[in-house]
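Let's take a friendly walk through one protein model. Keep the sequence and the 3D view side by side as you read.

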Amino acid sequence: MSAADPAMEARLEEFLSKIDARVGALEKTMQARTNELNKLKYTATLVSRTMESIFRTMFGRTLTDFAGKHAGERCFVIGNGPSLNKIDMTKLKNEITLGSNRAYIGFKSWGFVYDYWMVQDRILAEQSAEDFCKNIPDDVIKFIPYTIIKFFDISKLKNIVPVHLDYTQQCTFSSDPFAIHEGFTVTAGLIQIAAIMGFKQIILVGVDHNYVIPEQNVNTDKKWSGAGLSNHFSDEYTNHSNGQVWEMPNIEKMTRAYDAAARWGKENGVEILNATPGTKLDSFVKVDYDSLFSA
């Protein structure tokens, strides 16, 4: 062994000792972060279970009561895009349907009402709660996040099912009835509810995933009005004549939420299809609407 070897060994030992110290510090940091994450998960679970108890006391049922209700069946999750005018909506009369927001405008011409309905946008609920109470039939089951129920006169709105919408979990997917996740579109919420109900096939229609909003329709608060626009199946939909304003759509975040739904579907053997003519949404397999019905 050369004379330089002892010095080299000493330097090597010093280097390895520093590595061990850094690894030890990293392990402590990771453990601390794991402990923090576990605490957050515990807190979120505790909040969900607490809200579940409160909802059941106030309304007699919660989303958990619908878990597996439609196991193995198919349903249609219906958006409110202008493409609804390109399909024969009467074909959905005997299907299980889930829709949202101001969809009731089309009920008369379509000849049926949805089985399930949801609103999750705070501004929309605040401005249109009275219209919803007046126009959505009593027998329609209404999923409403508990954070916006305060805008409704619940004595005038039957069949409410409170939902815990977790705003901290954005653009991800939940099939847990204790809490669904924010997806920047009510359609993402409906897909999660359909998954909780156990549907084996979830078919989207009216999900154009395309908004044209000129600058003149956007106010200083970054909200938009539908005056003169055709982003929905009816000119009445945006209610702009009564001063209704809407949150600006975030297509990028919506797409992430839909992609999360598509991944969940593939992992869990649930077929999620998009039967919207001309849709800009590529997250799901696209199918022809008319092909879904027997002749």
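G226, L229, S230, N231, H232, S234, D235 and T238 line the second largest cavity of this predicted model. A cavity is a set of points on a 1 Å grid over the protein atoms alone where a 1.4 Å probe fits but cannot get out, and lining residues have an atom within 4 Å of a point. By class, this lining has one nonpolar, six polar and one charged residue. Here Ala, Val, Leu, Ile, Met, Phe, Trp, Tyr, Cys and Pro count as nonpolar, Asp, Glu, Lys and Arg as charged, and the others, Gly among them, as polar. The count comes to two cavities of 30 Å³ or more.

Residues are numbered from 1 along each chain as its sequence is written. Because the model is predicted, local features need pLDDT of at least 70 and side-chain atom pairs count only at pLDDT 80 or more, while totals for chains, interfaces and linings use all residues; side-chain values use heavy atoms, without hydrogens and water.

Now for the open space. A pocket is an open set of grid points with protein on both sides within 12 Å along at least five of seven lines. The largest pocket has 35 lining residues, and F184, T185, V186, Y211 and M254 lie nearest its centre.

| Space | Volume | Lining by class |
|---|---|---|
| Second largest cavity | about 30 Å³ | one nonpolar, six polar, one charged |
| Largest pocket | about 740 Å³ | 14 nonpolar, 16 polar, five charged |

Each volume is the space filled by probe spheres set on the points, which are joined across faces, edges and corners.

Next, look at two helices (DSSP runs of H or I, at least four residues). The axes of α4 (residues 186–197) and α5 (residues 251–268) come within 10 Å and cross at roughly 15 degrees, so the two are roughly parallel (under 35 degrees). In α4, T187, A188, I191 and A195 meet A257, Y258, A261 and W264 of α5 (heavy atoms within 4.5 Å). That contact has seven nonpolar, one polar and no charged residues.

Key. Axes fitted to C-alpha atoms, helices over the stretch in contact; angles between N-to-C directions. Parallel < 35°, antiparallel > 145°, perpendicular 65-115°, else oblique.
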